[in-house]
Amino acid sequence: MFKNLIKISVVSLFLFTKLFAGIELLGAGATFPYPLYSKMFDVYYKTYGIKVNYQSIGSGGGVRQLMEKTVDFGASDAFLSDEELKKFPNPVVHVPITVGAVVIAYNLPGNPELRLTPSVLVDIFMGKIKKWNDRRIKELNPDVDLPGLEIIVVYRSDGSGTTFIFTDYLCKISDEWKKKIGKGKSVKWLTGIGAKGNEGVSAFIKQTPGAIGYIELAYALQNNIPFVLLKNKAGRFVKPSVKSVSLAADIELPNDMRISLTNTSAEEGYPISGFTWIIVYRNLYHGKLSYKKAKELVKLLWWMIHDGQKYCEKLHYAPLSEKAVKKAEKIIRSIVYKGTPILKQN
Amino acid sequence: MKKDKLFFSVLWITGFLFVFLFILIFFSLLKESFLSIKSFGISFLTSSEWDPVAEKFGMLPFLVGTLFTSFLSLLISLPFSMAIALFLGEYFKTGSISKILSYATDLLAGIPSVIYGFWGIYLLVPIIRKLEMKIGVPPYGVGILTASLVLSVMIIPYASSIAREIIKLVPQDLVEAGYSLGSTRYEVIKKIIIPYSFSGIFAGILLSFGRAFGETMAVTMVIGNYNFLPKSIFSPGNTMASVIANEFTEATKDIHLSSLIHIGLWLFVITFFINYLGNLVIKKYKVK
Amino acid sequence: MNSLRFKIIKDKVFEIFVIFLSFLSVVPLFIILFQIFIKGIKVINFEFFVSLPSPPGEKGGGILNALTGTLILILISLILSIPFGVMIGIFLAEFKNRFTDLLKDFVNILQSLPSIVMGILAYIWVVKPVGHFSALSGGVALSLMMLPLIIKSTEETLKMIPFTLKEASFALGASYVSTLWRVILPASAGGILSGVLIGVSRIAGETAPLLFTAFGNPFVNLNPLKPVESLPLLIFKYAMSPYENWQQIAWGGSLVLICIVLFFNIGLKFLVEKWIQKS
């Protein structure tokens, strides 16, 4: 009796898996674009029936999983440095998908609008400015009633592309930061508390009076968290938005699309903007994908930089400029399987 | 009979297989931690620097965090555990009230830890935050205290269930001898029942402690994810289990992953010792 | 006499103290259950059980992927742990020597091992060699947790079988094996089953071992070789997120999970009582 039960369950399990075997693509990485990817993959599934299982574990996690070949594609807002590229068993390519803004979000009673300059910002995150009613913050915001609350910095505890974009910016505007802390997906923060993912940081800021942290624009808007108007290189206090981000992205782009957009010279550009990429092996055979899967992955990427772009703006991400799309197309066309490009030339 | 001989040898084989499994667990952990052991040696236990960027790892902040929360939660939960044990084992051994309390205590143990964590975030953290704002401490809300409070509720049933069974087992003639000498119930409990059941009570305390020690999810959700030595009860921190939960999927460097597994190895070793020491103490105090 | 009155007061105060603390201990239980009920019931409807979670920020969504995932994981861990666990339980019940004492100690240690370590082990043994996350690795981690419970309940149940039963069977000339299969095991089925149910209710709520084994999946997945979602994993992710609609799903999921746990707990009591009545 017992034996029969086992037999039945094994057979039905097997049948089930055959029945429900569809193409499923597995990806992991950045939390930065997660609201957008989540929408894109949902639409893609409803349109084409292809399931994309994306786990937002942070850019660092995505890169690692891709290196270990436990996922089909990785996602990161920090492009791989030359050193990191060497660590990969086979060459990879970066496909840009969208541009986003890293905003400085905070929790203050009354949700006032704050303006900050780069030097005040970096001193807050270095722990030099400890209270909200500090003279230097007051100077920039004379009309705001700033409380004597302690400033609680919250940073990303996981390997984060958002951290990379933010610290990349801080390095550009502060030699001290560059020397003491530097830039990267993980850095040694001088003050504050760590949270996981853009989600974790947003949740923490939302619930903790006096908190300040850096998150992607979509998270701030979706959760009604106020954010800073930051003074850019041209001297203007810019509000992060699809427009100001697009202006920052309007620059000369390299062929492999590995470029930073921070501290833009654009007059109305938002200074902490950045691309986010999906990273795949150039030869998907090396990525341990079957030909069928590889084809679907390339089709997905093509869709994401064309039809998928229409979901960007609504979710507060800047769509790729025409120049960027052209470069991305070239990169996708260079993806091969065992030596033959997957996308037929047309 | 032949069939039986065959069967018995199969039994012995499964017995050995289990031991083999156990040994495999130890060696798997050891092998994967080797990189970390080689790189840091003893300093892994004494260093409080956990720096994935500089690739320097030391377990001390998490060891302290674990001990801090485990002992604190044990302290908080003990009066409650003992109260329940006495209630069900001595005062109200039978009856519908005791049945209800008994069910309720079992339920406490059955609630999944992620739900405790969820409750901790939404109910406890705002309260602690308000408390911290009143005292003038940074209002993280999360931290050692919050984690200990959640843990203490979770571990109440463990000490109480064992203690209660043991208390029930105290021979009635001993108890009645106490009464016949004019003792109050309180004195009988204090002077006869507790000493007699001490080994069982200790076993229960050990069980609660072990549970608090290894608890992962509820702690991860309310401890604040802070990789430095906690400075006070209101400080955020991390335990050995919670740092693994938080960082495992994102450890991009081999040395990072190896260090996390190294912590897992220590969890195994410490669990082993708690069990071993516990058994020793129980054997020593068991009244023949 | 003063000291006598003092003694009596101390006694009464102590009794009140004990009663007070006992009831205070279960107050958190009621608060948790109450809050989960109030917040979770809002999202519970038929849709909730049959739909997938919606992207962050969009209303609605459900837990179908988590429910099916939990089911698959439980199934896999049962398949892995029951045969092995029952055999070890029989072994421990039938033999007593230094080896079995050692074995018992090991079982106890395995039982108190933090669940995150099971996750690490499943990662080392399954995820790494296979190359990706899967329901199978999650099942392996969970089976390690089930094993001690099944071993213990099997052993205890077998020990309670009256020797006369076995004697009668031997007297009739039956071998040990057939006695086991035809007399002992059927008689202990209730006890063993109760161990299984305890195990199931325990692992249904486990999250830590699944963080880096089952990994998660926004879709329904019945293939044991692919990643899968589970109810507690989903609750964990969504509870920690800032999105209102996801937090709602987490509350609803918590209510469902609590009901599952309650079901097994109460169902268990029923079964045990029935079994005790039988014998």
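Reader: In this predicted model, is Lys69(A) buried, exposed or partly exposed?
Author: Lys69(A) sits in the loop between α3 (59-67) and β3 (73-76) of chain A, and has a positive phi of about 60° although it's not a glycine. It has 17 other C-beta atoms within 10 Å. Buried takes 20 or more and exposed 12 or fewer, so with 17 the call for Lys69(A) is partly exposed.

Reader: And Lys338(A), buried or exposed?
Author: That lysine, Lys338(A), also isn't a glycine, yet has a positive phi of about 65°. You'll find Lys338(A) in the loop between β12 (336-337) and β13 (340-341) of chain A. The count is 11 other C-beta atoms within 10 Å, and the cut-off is 12 or fewer, so Lys338(A) is exposed.

Reader: Where does α3(B) kink?
Author: Helix α3 of chain B covers residues 60-91 and reaches 44 Å from its first C-alpha to its last, close to the 46 Å expected. Still, there's a kink of about 40° shortly before the proline Pro79(B), and the residue is Ser77(B).

Reader: Which helix gives the most to the side of chain C that touches chain B?
Author: The contact takes 58 residues from chain C and 57 from chain B. The chain C side divides into 42 nonpolar, 12 polar and four charged residues. With 17 residues, the helix giving the most to that side is α1(C).

Methods: Residues are numbered from 1 along each chain as its sequence is written. Chains are lettered from A and ligands numbered from 1 in the order in which they are written. This is a predicted model: local features need pLDDT of at least 70, side-chain atom pairs count only at pLDDT 80 or more; totals for chains, interfaces and linings use all residues. Helices (H or I, at least four residues) and strands (E, at least two) are DSSP runs, numbered from the N terminus. The expected span of a helix is 1.5 Å times one less than its number of residues. The bend at a residue is the angle between axes fitted to the seven residues ending there and the seven starting there. Two residues are in contact if their C-beta atoms, placed from the backbone, lie within 7 Å. Ala, Val, Leu, Ile, Met, Phe, Trp, Tyr, Cys and Pro count as nonpolar, Asp, Glu, Lys and Arg as charged, and the others, Gly among them, as polar.
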